[in-house]
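Please keep the sequence and the model in view while reading.

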Amino acid sequence: MVYPTDGELIHFEGELVVVIGKEARHVKASEAHEYILGYTCGNDVSDRIVQRKESAYGTLLIGKGQDTFAPLGPVIATELDPSALELTTRLNGRVVQSASTADLLLPVPDLVSYLSRYLTLLPGDAIMTGTPAGVGPIHPGDVVEVEIEGIGVLRNPVVAESR
């Protein structure tokens, strides 16, 4: 993950990611599994200073969308029940987030159903499901690991941007 030259307060956010497998529109929660390819780990990196400024205008484009700000991986697990998986995020080897996907604000089927009411979800779309408590700042030289039971470990070093 690249720490922007003008970055002031960049945070990690470990999350379960849903990967869509086929076009989905107006999907019932009970049928959401038919549209999901699988699940992976994600780090929804956020520039909090830019995010706060953008929020005043009702957008979250640059604060969460800079290059390298949403690493995913290490695999797409296709045979997984996402309802109660352990999620652990480590910063430099220290556990900073520890939770279960059972505590998501919206269960995965409800999230897919809700989004598909307003957007056509396409194969390959990745849906970040939300992060548990414990998010915090990162700096060049740090290493962030997001581990989800049944998926594996997404490991990313933080490096300073070079210009």
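In this predicted model, strand β11, made of residues 143–148, is joined to β12 by 6 bridges, and the two run antiparallel. Within this pairing, V153 in β12 is the residue opposite E147.

**The sheet**
- Strands β11 and β12 belong to an open sheet of 4 strands, which has the order β8-β7-β11-β12 and antiparallel pairing.
- The edges are formed by β8 (94–100) and β12 (152–157); each has a single partner strand, so one side of each is left without a neighbour in the sheet.
- On average, neighbouring strands of this sheet are turned by 15° against each other, direction ignored.

**The nonpolar cores**
- The largest nonpolar core has 25 residues, and those with the most contacts inside it are V18, Y39, V108, V112, I127, I148 and I151.
- At least two residues of this core come from each of β3, β4 (36–43), α3 (108–118) and β11.
- Helix α3 supplies the largest share, 4 residues.
- Apart from this core lies another, of 11 residues, including I10, F69, I138 and V144.
- Neighbours within four places in sequence left aside, I151 is in contact with L16, Y39, T40, C41, P74, V75, A77 and L80.

**Residue E13**
- E13 lies in the loop between β2 (10–12) and β3 (14–20).
- The relative accessible area of E13 is 6%, so this residue is buried, the limit being under 20%.
- A polar contact of 2.8 Å links the side chain of E13 to the side chain of R48.
- Beyond neighbours within four places in sequence, E13 is in contact with G42, N43, D44, S46, R48, K64, Q97, T131 and V135.

Methods: Residues numbered from 1 in each chain as written. Predicted model: local features only at pLDDT ≥ 70, side-chain atom pairs only at ≥ 80, totals over all residues. Heavy atoms only, no water. Pairing = 2+ DSSP bridges. Axes fitted to C-alpha atoms, helices over the stretch in contact; angles between N-to-C directions. Buried < 20%, exposed > 50% of the residue type's maximum accessible area, 1.4 Å probe, protein only. Polar contact = N/O pair within 3.5 Å; in protein donor to acceptor, adjacent residues only side chain to side chain. Contact = heavy atoms within 4.5 Å. Core = buried A, V, L, I, M, F, W, Y, C linked by side-chain atoms within 4.5 Å.
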